[in-house]
Structure formats: structure tokens, C-alpha cells
Amino acid sequence: MATQQTRSLARFMMAPSVVLLLVWMVVPLALTLWFSFQQYNPLNPIRDGFVGFSNYALFYSNPAFLQSILNTLTLVISVLLITVIGGILLALLIDQPMWGQGIVRILVISPFFVMPPVAALVWKNMIMHPQYGVFADIARFFGAQPIDWFGQHPMTAIIIIVAWQWLPFATLILLTALQSLDGEQKEAAEMDGAGFISRFIYLTLPHMSRAITVVILIQTIFLLSVYAEILVTTNGGPGYASTNLPFLVYQKALLEFKIGQASAGGIIAVILANIVAFFAMRAVGKNLDK
Amino acid sequence: MARSVTTQHKTIATVAAWIVALLIFFPILYTIITSFKSEQEAIQGFNLIPSGTFESYTEVQAQSGYFKFFLNSVFLSVGSTILALLVAIPAAWSMAFSPGKRTKDILMWMLSTKMMPAVAVLFPIYLIFRNLGLLDSRIGLMVMLMLINLPIVVWMLYTYFREIPGEILEAARMDGASLWNEIVYVLTPMAVPGIASTMLLNIILAWNEAFWTIRLTTTDAAPLTAFISSFSSPQGLFWAKLSAASTLAIAPILIMGWFSQKQLVRGLTFGAVK
């Protein structure tokens, strides 16, 4: 047979994708690694040169570093909790028989298609603005003092915005999983007298477990690199109150031109992402074996 | 139907679901409403009925040349998608129809490139772009968007191609079809729906990409993500204009998104949930 021929043809067809992605992954990452051991300042090149691990030491000892790691984790974990729990509840609700299910579904998933700068600016100006926002209007209606969201609770505000963007994603995926649950199984459980709660715990939840895993992993990848939402709302402030790791690296690199430190920060971000990726790949990989 | 659904149950579910859905949709709805207000109306407190002026739409074009950014967004998202498809279709094809021992590893490795945090390579990419004169160029950004979405495109196409039964190919071969005829007359018609879905999802992702599109552009190549972000700095109150710009920026993608819900699930979960 022509297996030899097909095999080389297959290689040839795969080559462009593989080469492109290889270059795209290896070259910039190698440069980042190299810069992370260098003193490099485009504005002041006199002292450039190899500095060992001092960039890492400087980046670590920066009080903003700890804050940014803390903020990154707070953001990821809070948004995951809100979207996964909210998504399960919403999926269960939308799965009920009702009038206008299609429209409800469309309304609920819409925020996912809104580009991050629009989502952030709409929330910042029209919803959460301490003077003219809808929240302020509501607060005044009840005679309360409007909250200065971005001044007083910047992380909470960003969490709300990002959760609003990702809740539709979680809901859509979990709803898809829910709808593939065998109707007969549900009926059988109902006939056996299983109540809503026990049906949920013993039948629905195990069925959805894989979708939940996928939602958590994919969202984590994106949530670890939230950027535009912070840029257009708080710009990382007040102080470093809402600076996450990607934002800190961006500040070091393009605002302060401390390339070495930024690169050291970038390498830390890669390590963090790799830990998540390791679990993500295992979960997705299982799907290939079926 | 064995499962009896009472009207009462259905009514409660309907009311509850609609309330939640409208709350979630509210920021978008309010943006659309505000875009038809005058700047003064926009800051006069909560009001769901606009005066219906188109002022903001005309001004956003007159003052900031809105359509230049819009066209950049169209060019970048469609261009990067076509580029990605050209590279990815042969790869996904060969992986689906003549998988080797390492096909799975290659797929997993491709996926892993998607997990690299963009910010980690921000400076090297910035430097490379600067040295090649690609900063603020449409072509440079188009290649960039192609690269970041390539793994998803390969994966999504792969999951679609894998569903095309291999027996059909054998039958065509038995009938004496050449490889070229096989591709043109047998496989392409079966692959078109999968390619179309992949294209749709990739356009959505490229349109909304908000890291590289903001950092690698200034004016010429800036798409809507960068344009809208520029509204964050001035302290003036341009909410009606911001709303008009936002409405135009999200409308095409929102409509495309509504039509691609199913493909979206599949593409974004790398085929793990269908």
C-alpha cells in the first residue's frame, strides 16, 4: 500500500502549522528567558549586561509582586466560584420547560460576545459610576450613600465585571451538558421517587462533572491573563490595589522599561500557567482516547 | 409524555428565567438605550426611554473617524481567520484521516501553546515587531491574531473532520477517484459545515482579542478594541458617544454569536463538550 507516501504527505500537510507554532512559542519565550538574566533598559543602555538572578530577586522583593499574586488568585478564584455555582443554577433554571426559552438563552449568553474594553467601560461609567451610574441611582432611591466602586473596592468591581463576562460561558457549556442527559434516566429516577435534590446530587451533578472541569480549566487559563478590564477601569490602582500579575509585568515592561524585571515576572507567569495547563491537558487529553 | 409539567411550574420557571436573563442582559440593553440619548440625557439619572436621537452615532464618526477602526476590526478578524484556515485545514485534515503515532502528542502540544500567558512574551514580541517595522501595521497584527488562534482552529477542524467516515474515502478510491477528485468532490462538501463553524468562532475570538490589538497598535492598524479603550482616559462625560461606539462594536459579533452557540461550545471546549 501507499502508506509510506501518505505518511510523508501527512507530514508535509502538517508542517506549516507545526513550524509556525514552534517558532511562535520558542523564539519569544527564549528571548524572555534571556532578558530575565539581563540588565536591559532601552532608555539607558550603559549598564546593560548579564546580572544573574538579580531581576528575579528585585521582582520578588517588590511589594507589588506579592500584592499582584494575591490579586491574581483572588480574581481567578472569586470569578470561578461565582461563574460555576451561578452557571449550574442558571443552567438548571433555563433547562426547565418555559415560554421563550430560546430568547432567554440568547439574552443570557450575550455578555460573552462583548469585547472586554466595552464590557469594562460600560460597567465603569454607566453601572458603577459613583455619581451617574445605575447602582448610584438605586442607592439614592433607597436613601443610601452610593458606593465609590473603583476607589473603595476596586477588586470587587473588577471581579463583578469579569464574572459578568464569563457567567454566560459557564452557563452555556453546563446547559449543553445538562441537555445531553438522558431523559429516560431522569424519568426513571422520578418514578423511583427521587426528589429534586437527590436527583441533582446523584444524577445531574455526576453527569455534568466533566463539563464543570472543562469550564474551570478553560476559564482559569483566560482569567490568569485578565488585562483590558483592568487597563480601562482602575489602571491597576489605587496604588497596586487592583494590579494582577499580567498588569504588573506590562507596567514594568512598557511603562518603566525595566525589561529584565518584567521578563522575570513573565517567567513566573509562565510557571503559574503551566501548573494549570498540566491539569487542563490531562482533562482534554482523556477526550482523545474515547 | 410521562413527565407531567404543570402550568404553574412552567409559569414560575418562565418568570424567574426572564427576570434573571433581563438582569444579565441589562448592561447591554442600557448601552443600546443610552446610545440614542443626547449627552445631557445620558447623565440625568436612570431613564429607560431615550429621546431617540442619532446624534451620537454621527458624532462618533465625525469626531473620531469611527469607521476606520471598524474596518480595521473587520480586516483583522476576517483576514487572520482566513490565514489560520489556510494553514490549519491541511494539518487537521492529515491528522484526522491519516493519524500517526504522534498525532495525539502534536495536538496536545498545539493546545499547550495556547496556554502561554501573552504577557510573558510581551516585550520580545514588541521588540521583534519594532525591529521589523511591524508596530501598528495591519499585516503584523493579522499574523499575530492568526498565531494565537491557530491551535483552536486546528483542534476544532480536527474534531469536525474526524466525524467524516473514512469508508467514504475508500469507496471513492475503489471507484478510481484520484486524490484531487477525492478532495474536491467527496471531502470538501462534507467538510464545509465544520469549516464554516470554525470560521465563525475564530472571527468572534479575533474581533474581541484585547491584549495584542491594544498593545501593538497606535492609530493606523488600531481596531475597535483599541479605539474603545481610548475612551477610558478623558474625564469628560461622553457616555452617549461611548454607548454608540460600543453598540456598533458589539452588534455584529453579538448577532454572529447568537447563531453560533453550539459551535461555540464545541470550539471553546476543544471538543470536550458537544
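1. Let me start inside chain B. The buried residues of H6(B) are Leu122(B), Phe123(B), Pro124(B), Ile125(B) and Phe129(B). Buried here says that 20 or more other C-beta atoms lie within 10 Å of a residue's own; exposed is 12 or fewer, partly exposed is in between, and C-beta atoms are placed from the backbone. Helices (H or I, at least four residues) and strands (E, at least two) are DSSP runs, numbered from the N terminus.

2. Some housekeeping before going on. This is a predicted model, in which local features need pLDDT of at least 70 and side-chain atom pairs count only at pLDDT 80 or more, while totals for chains, interfaces and linings use all residues. Residues are numbered from 1 along each chain as its sequence is written, and chains are lettered from A and ligands numbered from 1 in the order in which they are written.

3. Please look next at what follows H6(B). Gly133(B) comes after that helix and has a positive phi, near 70 degrees. Asp136(B), which is not a glycine, also has a positive phi, of about 60 degrees. Asp136(B) sits in the loop between helix H6 (122–131) and H7 of chain B. Most residues other than glycine have a negative phi. Asp136(B) has 16 C-beta neighbours inside 10 Å, so it counts as partly exposed.

4. Phe257(A) has a positive phi of about 55 degrees, although it is not a glycine. Its place is the loop between helix H12 (245–255) and helix H13 (259–288) of chain A. Is Phe257(A) buried or partly exposed? With 15 other C-beta atoms within 10 Å, Phe257(A) is partly exposed.

5. Now for a helix pair. Helix H5 (residues 103–113) and helix H7 (residues 138–161) of chain B pack at an angle of about 145 degrees, and their axes are 8 Å apart. Axes are lines fitted to C-alpha atoms, for helices over the stretch in contact, and angles run from 0 to 180 degrees between N-to-C directions. The crossing of H5(B) and H7(B) is left-handed, a term for a near helix turned anticlockwise from the far one by less than a right angle (clockwise is right-handed).

6. Which residues meet where H5(B) and H7(B) touch? From H5(B) come Leu107(B), Met110(B), Leu111(B) and Thr113(B), and they meet Pro151(B), Val154(B), Trp155(B) and Tyr158(B) of H7(B). Two residues are in contact if their C-beta atoms, placed from the backbone, lie within 7 Å. This contact has seven nonpolar residues, one polar and no charged. Nonpolar covers Ala, Val, Leu, Ile, Met, Phe, Trp, Tyr, Cys and Pro; charged covers Asp, Glu, Lys and Arg; the others, Gly among them, are polar.

7. On to the interface. In chain B, 83 residues are in contact with 82 residues of chain A. Helix H1 (residues 7–35) of chain B gives the most to the side of chain B that touches chain A, with 16 residues. That side divides into 62 nonpolar, 18 polar and three charged residues.

8. The overall form of each chain deserves a comment. Chain A has 13 helices and two strands. Its radius of gyration is 24 Å, well over the 19 Å that the globule rule gives for 290 residues, so chain A is more spread out than a compact globule. The radius is taken over C-alpha atoms, and the rule is 2.2 Å times the number of residues to the power 0.38. Of the residues, 43% count as buried in chain A and 44% in chain B.

9. Finally, the annotations. An unreviewed UniProt entry lists "transmembrane region" for several spans of chain B, including residues 12–33 and 106–129; such positions are given in the numbering used here, feature names are shortened, and annotations may be inferred rather than shown by experiment. Residues 12–33 of chain B are 100% helix and 0% strand, with end C-alpha atoms 29 Å apart. Residues 106–129 of chain B are 67% helix and 0% strand, with end C-alpha atoms 28 Å apart. For chain A, the spans that UniProt gives (unreviewed entry) include residues 69–94, which are 100% helix and 0% strand with end C-alpha atoms 36 Å apart.
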